[in-house]
Amino acid sequence: MKTTPFLRGRTFALLAGIAFIAVDQLVKLLALVSLQAHSFKIGANPFNLALELSLNPGAFLSLGAALPPQVKQLIFIVGVAVVVAWAMGWSLSNWSQPLRKVLPLYAIALGGIANLIDRVFRDGRVVDYMVLNIGPTHTGVFNIADIAITAGALYLMVDLFVKPRKA
């Protein structure tokens, strides 16, 4: 299936990226307002999605939350901003390549930007609100930006280990 030139253009990529970040921020605002005093479950046992507010001062699974504030700012704001800027620049400058090559890194960059906005405007914290429960097992608390980052990273890891098919 061929895509139109507009859908493969950088303008579309930027507009889609802005829309993704806007949706992420809107959902985070809704979580801040709606989940302050309440939590909700979607689904029944053993599989459900719990919606509960968490302001994460660290990274994945609160990694680094106990670091001194200056170190956290250096790593989670400055370091992430540098990585996100590089990933965004690389993705957009290589946008003409097959999407399977550029989209995973673009997704990581967009998720990074969305969480970086939180850190800058929410005192170094990221708004998380989803927990996936499967029986007694559950994930850490995450958000839409985390899904984009994880999906992009998983695709890149799988791509490293899967041998390309011969044409």
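**A predicted model of four helices and four strands**

Asp146 is found in helix 4. Helices here are DSSP runs of H or I with at least four residues, strands are E runs of at least two, and both are numbered from the N terminus. The model is predicted, so local features need pLDDT of at least 70, side-chain atom pairs count only at pLDDT 80 or more, and totals for chains, interfaces and linings use all residues. Residues are numbered from 1 along each chain as its sequence is written, and side-chain values use heavy atoms, without hydrogens and water.

Asp146 is buried (under 20% relative accessible area; exposed is over 50%, partly exposed in between; 1.4 Å probe, protein chains only). Asp146 has no salt bridge. Such a bridge is a side-chain nitrogen of Lys or Arg within 4 Å of a carboxyl oxygen of Asp or Glu. Lys and Arg count as positive and Asp and Glu as negative; His and the chain ends are not counted. The nearest side chain of opposite charge is Lys28, 6.6 Å away. Asp146 is in contact (heavy atoms within 4.5 Å) with Asn115, Asp128 and Val141, leaving aside neighbours within four places in sequence.

Lys28 is also one of the buried residues of helix 1. Helix 1 covers residues 10-34, 25 residues in total. From first C-alpha to last, helix 1 reaches 36 Å, close to the 36 Å expected at 1.5 Å a residue. The expected span is 1.5 Å times one less than the number of residues.

Helix 3 was checked in this way too. Its 23 residues (99-121) should span 33 Å at 1.5 Å a residue, and the end C-alpha atoms are 32 Å apart, which agrees. Asp123 follows helix 3 and has a positive phi, near 55°.

The UniProt record, an unreviewed entry, places "transmembrane region" at residues 12-35, 73-90, 102-121 and 141-162. Its positions are given in the numbering used here, feature names are shortened, and annotations may be inferred rather than shown by experiment. Residues 73-90 are 100% helix and 0% strand, with end C-alpha atoms 24 Å apart. Residues 141-162 are 82% helix and 0% strand, and their end C-alpha atoms lie 30 Å apart.

The four strands form an open sheet in the order 1-2-3-4, with antiparallel pairing. The edge strands are strand 1 and strand 4 (137-138), each pairing on one side only. Two strands pair if DSSP finds at least two bridges between them. Strands of a sheet pair through backbone hydrogen bonds, either parallel or antiparallel. Five bridges join strand 1 (residues 40-44) to strand 2 (residues 47-56). These two strands form a hairpin with two residues between them. Gly43 has Asn48 in strand 2 as its bridge partner. Eight bridges join strand 2 to strand 3 (residues 126-134). Here Leu49 is partnered by Leu132 in strand 3, and Leu55 stands opposite Val127.

Along the sequence, the pattern is α-β-β-α-α-β-β-α. The C-alpha atoms fill a box of roughly 50 × 40 × 30 Å, taken along the principal axes. Of the 167 residues, 30% count as buried. Among contacts with a separation of 6 or more, 60% come from residues 24 or more positions apart.
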